[in-house]
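The sequence and structure come first.

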Amino acid sequence: MATKEKIAVIGLGYVGLPLALLAEERGFATVGVDVDGGKIAKLQAGVSYIDDIPSTAVKKSGIVFSADAETAKDASVFIVCVPTPVTEKRLPDLKPLEGAVRMIAPLLKPGMMVVIESTINPGVCDDVIIPLIKSLTGLDVTNDLDLVHCPERINPGDSKWNVRNINRVLGGSSPQALERGLKLYCKLIEAEIKPMQSLKEAEAVKVVENSFRDINIAFVNELAMSFNTLGIDVERVIEGAATKPFAFMPHHPGCGVGGHCIPVDPYYLIEYSKEHGFEHRFLRLARNINEQMPKFTVELLQDAVAQAKLKHPVKVGLLGLSYKPGVGDDRESPAYDIQKHLLEAGFEVKTFEPFIPAKSDASDLDEVLEFADAIVIATGHDVFKDLSPAQLKQHDVRIIVDGRNVLRERKQAFKDAALYYVGIGQR
Ligand code: SAJ
């Protein structure tokens, strides 16, 4: 029987683990490597730590999980799926990516292919990865090795789109690398794999698609701040605009933009272009608008407290720490900025995050409501969508700041119960 081609997936997070499982399912001998021994121990025990991946899938897989890269020896392809965060100063932090390349370097031999799935700005493959591989191994990308960039597009918590069916773009270090990368990904994925003309083009696609989302969110966030003063319901205006069957794409205002993609990726492009003499004023403005939404949310609360004549110190229940509904992921979450502004403004704060109990002050919803004179909804979890006027009255909560506009449809019921309700761009 022909020996199976061996693939090594480096980095087993929400991108790498589904990809490793898919590679094995597609008939590759698959090794999964991660520097986090705790993750490896869980996977070896057949336990998944990724919300979208059931443990049954891990248990029944034949993947070799290891914290030791040596296990990936003799792989013909190394696919790198490690985080590419930003530093405190919002500058690209390539340390995890460089660390992954250093880890596999001793294993690289002529004829192998390295694929980078991590989100990177244009130029990282050419200016960082290729020289790093050369310095570590003496091997030339193109003459000795193929380098491919196929940016990941995993959307955590999405029940429809997943690693199997999401279209991808792919760039190669040479026509041969491009061909080889396309062949691999056409085997792995049942969706369009669009060849790009260069590594730089493939790198640019990902940061552009996520910057597109960031500026569109900033657009509706600015509208929300404007319409709050004009007394126009921005969500209804967006619904109205969305009846246009073309050339409009609805986005929704909120208390901030979190996650490891949208608030981060634009900075990769901003910084890289700045190094080459161009200032992305529009991208930076969009970031500034989105980064001011937590403060705007707290200002809405301060207005409400003044109007409701609540006595200080006002106790605030902060509902949600995750950056998006239905997941327990608080990376770059605006909830923490809201908490900071609340404390600086003299409020007492108790948080409740049902998906991250370890970081939640309150152990359940009743506890946080009992504490609160006012609540700020920072994440649109279903449990917060189901809040009722009776529940809030029972705990003597007086004010609702709906940071995700999740109670918008029922706001009149809260007002009829003499509760003060305000949302982002609608009241
Ligand atoms: N947000 C808004 N208004 C919106 C949409 C999002 O304020 O209209 C906020 C969310 O509350 C969240 C942040 O922005 O705090 C990011 O939300 P997101 O839905 O974009 O979620 P992400 O970060 O998981 O984005 C992923 C991205 N996928 C990849 O990078 C592979 C993004 O490209 C997708 O567009 C997005 O999922 C998606 O469409 O759901």
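Glutamate 332 is placed in the loop between E9 and helix H12 (334-344); helices (H or I, at least four residues) and strands (E, at least two) are DSSP runs, numbered from the N terminus. Its phi is near 55°, a positive value in a residue other than glycine. The model is predicted: local features need pLDDT of at least 70, side-chain atom pairs count only at pLDDT 80 or more, and totals for chains, interfaces and linings use all residues. Residues are numbered from 1 along each chain as its sequence is written, and side-chain values use heavy atoms, with hydrogens and water left out.

Another loop, between helix H11 (293-308) and strand E9 (315-319), contains proline 313. Histidine 312 and proline 313 are joined by a cis peptide bond, with omega about 0°.

The chain has 16 helices and 13 strands. Its C-alpha trace spans about 75 × 50 × 40 Å along the principal axes.

The ligand is surrounded by 19 residues, and the closest are Asn155, Asn210, Arg213, His252 and Tyr323; a residue counts as near if one of its heavy atoms lies within 4 Å of the molecule. This shell divides into seven nonpolar, six polar and six charged residues. Here Ala, Val, Leu, Ile, Met, Phe, Trp, Tyr, Cys and Pro count as nonpolar, Asp, Glu, Lys and Arg as charged, and the others, Gly among them, as polar.

| Protein atom | Ligand atom and distance |
|---|---|
| Asparagine 155, side-chain N or O | oxygen, 2.6 Å |
| Tyrosine 323, backbone N or O | oxygen, 2.7 Å |
| Lysine 324, polar side-chain atom | oxygen, 3.0 Å |

Taken alone, the ligand exposes 740 Å², of which the protein buries 83% (Shrake-Rupley method, 1.4 Å probe).

Conventions
Polar contact = N/O pair within 3.5 Å; in protein donor to acceptor, adjacent residues only side chain to side chain.
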